[in-house]
Every structure is written in C-alpha cells, then in structure tokens.
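Here is a friendly walk through one protein model, with its charged pairs, strands and rings taken in turn. Please keep the viewer open beside the text.

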Amino acid sequence: MWTSARALLMEESILSFLRTREYECVQAGEAVQSARSVPAGPPLFQIYVHRHSRTAAFEAIDGIAVQWLDGAVHLILPPSPHDDAGLVALLKDTSNIRRIAGTKYAVMRITGKMPSMNWNHALFLLMQLPHAQSSHSQLLRQKHVSDTPRVDGELIRCADASFEDLNALVSLHLEYEREELALYSADASETEMRMRSLLANQIVCMAWAGNEAIGKVNTNARGIYCDQIGGFYVKKEWRSMGIGTNLLLYLLKKIEAEGRHAVLFVRHDNLAALRVYQHLGFLAVGEYAISVARQHI
C-alpha cells in the first residue's frame, strides 16, 4: 500500500531503498534528502512510500513517489502495478497533476491510469556511469587537466561557475533550450531565475575561450547517492575539439570526489552527446520519460 512518508523519513529503510534505485529518478532522492535535512521546512512537496501490505515492516519499502506543489510528480515504482490505482488516488487528492517523470515503465503505468488527461510523452535514454569503470575511462580521468591545449590560439579552460558568470550562463542556456529542447523564450527572466537557483544549489561548470563562454554543464538534481547531470552544451563552432569531453570530465571529477554516482538522460537522436557519454564510460540502463498533461485535473 501507498502511505505518506513524513513519519518514515529518518528510517534506514528509505536510505536502503534509494541506495540501489535512486538512479531511476534522482529528483525523488533529492526531495527525500531535502525533507530529511529540513524536516520542519515549508511543504513544497509530498512524499509517499509503498510497502507490500499494511503489516509489512518498514524494510519492505519498494517504491517512492514525490508530488510537488507545482504539479510535478517523480516516481520510483514497485515492481508490481497492483497498487498503482491507490497512488493515483493519493496524487489527485493532493494537487493538480501537470507533469510526471521517471523510468518509461513507471511513467506509462501511472499515466495509463489517467488516459483522459491526454498526455504528451518525451522519451530519453537513461545512462549511468558504472561504479567500477573501465580502464579506458580511468585513463581519460588521469589525462584530464583543467586547461586543454589551445584551439586556434585560444586557451580553453574549464572552471566552476559563479554568480559573476550569470549573464554568460543565461545566454548559453537560452542557446541550449533553442537547440536541444526546441524552446524559444522571448523573456530571459525565467531562465535567469532558474540559473540563479542552479548556481545556489547545484554544481555548475563552464568552458571558456579567453573571455568567451563557449560551453556549460551542471547537475540538475542531487540525491542522497546520485547526481543527475544535465544542461550539457557546447557552442556549435567549438564542437569536435574535445572541449565537451574535457568539460564533462571536469564535472565528473567533482562528483566522484564526493563519492557520488553520475546519472543522466539524453535524447536518443543526440548522437554527438551520446558519443561523449559512451566515450567516458556511461552505459544505457533503461529509458526515462517525462510526460506532460494537456488537461490538468
């Protein structure tokens, strides 16, 4: 059965569950981490956990769902769909449902219970960097330095982004949205707000050619055990020069230095990014889905 997790947030059972399955939806782990860190904080989200039965021990937790006030839902579902209808009932009672994310299998199970909402599904390849990396991947890390060789006379460097880089970061992210997400925003204020949040709460790295910002990458969710990588972008004129690989390595070294695991999802047709991820040792572990409801309930 599904039940509110408020009384269970400090239980080892939740940590045990996320230790093996957080990679499926890092945003769910990030919500648990936030709630555990500030248990009396504002209720920005509701966390539900699934147990096999009313009498099951807490160690039997095999599913987590997080519902945010803005209508977003993040899922890590139990293997059996037996109690899916119960979860849908809880979600509908809490707030409007606007967007559902998780593995393709999980998202299709839940959206299938709400067919009248007319869902738009976006599918991605879910990739993870194995804990025991190949010798090739380890060699790449040993060779990595913060400055790459000069490209057409310009020294390419990777560095942590700060609030002083906000304008350059916003400009890069707008280009990323247009090219990767087919989003065209006439007002950059919303993007600026998101970039401020990233700089305050995530790891953000940028590549520079002299004073020109030419690439960026960041974590967009930091769970208990995993970091989800996103926003990977290099300007078109600077591609195929090893800059993207170097930039991603710069971020990966930071993630691994904290003993955390890197996860990401990428469009199936983004072949350039896929080549970089595979080159660095990322392996496909499934499909990720983000489904948006045309009709809110």
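Helices here are DSSP runs of H or I with at least four residues, strands are runs of E with at least two, and both are numbered from the N terminus. Glu-190 and Arg-194 form a salt bridge, with 3.5 Å between the closest N and O atoms. The term salt bridge stands for a side-chain nitrogen of Lys or Arg within 4 Å of a carboxyl oxygen of Asp or Glu. Arg-194 counts as partly exposed, at 31% relative accessibility. For burial, the cut-offs are under 20% relative accessible area for buried and over 50% for exposed, with partly exposed in between (1.4 Å probe, protein chains only).

A note on the basis of these values: this is a predicted model, in which local features need pLDDT of at least 70 and side-chain atom pairs count only at pLDDT 80 or more, while totals for chains, interfaces and linings use all residues. Residues are numbered from 1 along each chain as its sequence is written, and side-chain values use heavy atoms, leaving out hydrogens and water.

## Other charged pairs

How many salt bridges does the structure hold? There are 14 salt bridges. Side chains of opposite charge can pair when their charged atoms come close. One of the bridges brings together Arg-21 and Glu-24, at 2.8 Å from N to O. Both ends are buried: Arg-21 has a relative accessible area of 19%, and Glu-24 has 11% relative accessibility.

Another salt bridge joins Arg-222 and Asp-227, at 2.9 Å from N to O. Asp-227 is buried, at 0% relative accessibility. Through shared partners, salt bridges connect Arg-222, Asp-227, Glu-258 and Arg-260 into one network.

## An enclosed strand

Strand β9 (residues 204-209) has six of its six residues buried, so it is largely enclosed by the rest of the structure. In a regular strand the side chains alternate between the two faces of the sheet. In β9, Val-204, Met-206 and Trp-208 point one way, Cys-205, Ala-207 and Ala-209 point the other way, and all are buried.

What lies on either side of Trp-208 in the pairing? Two strands count as paired if DSSP finds at least two bridges between them. Strand β8 (residues 154-160) runs antiparallel to β9 and is joined to it by five bridges, with Arg-157 as a bridge partner of Trp-208. Strand β10 (residues 212-222) also pairs with β9 in the antiparallel sense, over six bridges, and there Ala-213 is the bridge partner of Trp-208.

A search of the whole structure finds zero disulfides (pairs of cysteine sulfur atoms within 2.5 Å). Cys-205 is in no disulfide, and the nearest cysteine sulfur, that of Cys-158, is 7.9 Å away. Cys-205 is buried, at 0% relative accessibility. Cys-226 is buried too, with a relative accessible area of 4%.

## Aromatic rings

The whole structure contains six aromatic pairs. Rings of Phe, Tyr and Trp (its six-membered ring) pair if their centres lie within 6.5 Å; planes under 30 degrees apart count as stacked, over 60 as edge-to-face and the rest as tilted. Tyr-176 and Tyr-233 have ring centres 6.4 Å apart and planes at 70°, so this pair is edge-to-face. The pair links distant parts of the chain, with Tyr-176 in helix α6 (residues 166-180) and Tyr-233 in strand β11 (residues 226-234), 57 residues apart. Tyr-176 and Tyr-233 are both buried. Lys-216 lies over the face of Tyr-176, at 4.7 Å from the ring centre; for this, NZ of Lys or CZ of Arg must be within 6 Å of the ring centre and within 35 degrees of the ring normal.

In the pair of Phe-265 and Tyr-288, the ring centres are 4.3 Å apart and the planes are at 10°, so the pair is stacked. Phe-265 lies in strand β12 (residues 261-266) and Tyr-288 in strand β13 (residues 283-293), so the pair ties together parts that are 23 residues apart in sequence. Tyr-288 is buried, with a relative accessible area of 1%. Phe-265 and Tyr-288 form one aromatic cluster with Phe-124.

## A threonine in helix α8

Thr-245 has its place in helix α8 (residues 243-257). Is Thr-245 buried or exposed? With a relative accessible area of 17%, Thr-245 is buried. Leaving aside neighbours within four places in sequence, Thr-245 is in contact (heavy atoms within 4.5 Å) with Val-276, His-279 and Leu-280.
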